[in-house]
Amino acid sequence: TSEPLAVEHLTGSLKWAIQFMADQPLGRLRFVTKFHFVDSLLTIPHGGHTRIRFSLNADFVVKYFEPATSPLALRMEAAEKVARAGYPVGFILAPLYRFEGWQKQYVQLLERLARRRTLQNHADLTFELIQHRFTSVAKSVILQRYPKTKLEMNEEERKVKWGKYGRAKYVYRDEEAAELQGVLEENITRYFPQARIEYFT
């Protein structure tokens, strides 16, 4: 599953995998979640070999496009918990989405995160930045299931990006993507100077 933490109370698979990877000298594990159910992972041996990454976004995106997920405040609290337990921590800001007021909301997101001193001072912190993209197939499915969606998917206002398997994705035009990248990277560096920005895509 792409969201293992949501079903961890049923499977126990993450707990098992984390403990297994703790004993692997070269093995590393990472996963991403939009949930906060981390308590069962806090007291197990992990050896620093598992990076727990939390998907975060602006309030507008969470409100309209992330139904039935944990509120941002609970995700941030969970990130603090795993940081205190010695895990490497990561944040995936995705999809980075341009809407009216996006600059202000993304800066506010990073400000809120930085108020949590455990995270601001965490020695092993990463950020991954992924701009919004869609395929024609994905657009069709979304519009069938959510005909009143607020999600902007106008191909004429996007740039075509070809994937390694020959599939076309629609991403923001270069100048729009560069603005997104600039705002996010500038403020991540400002609030989390010790963090690594892994990539922008």
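The open sheet is built from five strands in the order β1-β2-β3-β4-β7, with parallel pairing; strands pair here if DSSP finds at least two bridges between them. Helices (H or I, at least four residues) and strands (E, at least two) are DSSP runs, numbered from the N terminus. The edges are β1 (29–33) and β7 (196–200), each with a single partner strand, so one side of each has no neighbour in the sheet. On average, neighbouring strands of this sheet are turned by 20° against each other, direction ignored.

This is a predicted model: local features need pLDDT of at least 70, side-chain atom pairs count only at pLDDT 80 or more, and totals for chains, interfaces and linings use all residues. Residues are numbered from 1 along each chain as its sequence is written, and side-chain values use heavy atoms, with hydrogens and water left out.

The bridge partner of V32 in β2 is R53. Helix α2 (residues 13–22) packs on the sheet and touches β1 and β2, its direction making about 150° with that of β1. Contact means heavy atoms within 4.5 Å; axes are lines fitted to C-alpha atoms, for helices over the stretch in contact, and angles run from 0 to 180 degrees between N-to-C directions.

I turn now to the core. The largest nonpolar core has 52 residues, namely buried (under 20% relative accessible area, 1.4 Å probe, protein chains only) Ala, Val, Leu, Ile, Met, Phe, Trp, Tyr and Cys residues joined through side-chain atoms within 4.5 Å. Helix α5 gives the most to this core, with seven residues. F127 is among the members touching the most others; its contacts include F91, L93, F192 and Y199.

Terms used
Buried means under 20% relative accessible area, exposed over 50%, partly exposed in between (1.4 Å probe, protein chains only). Lists of a residue's contacts leave out its neighbours within four places in sequence.
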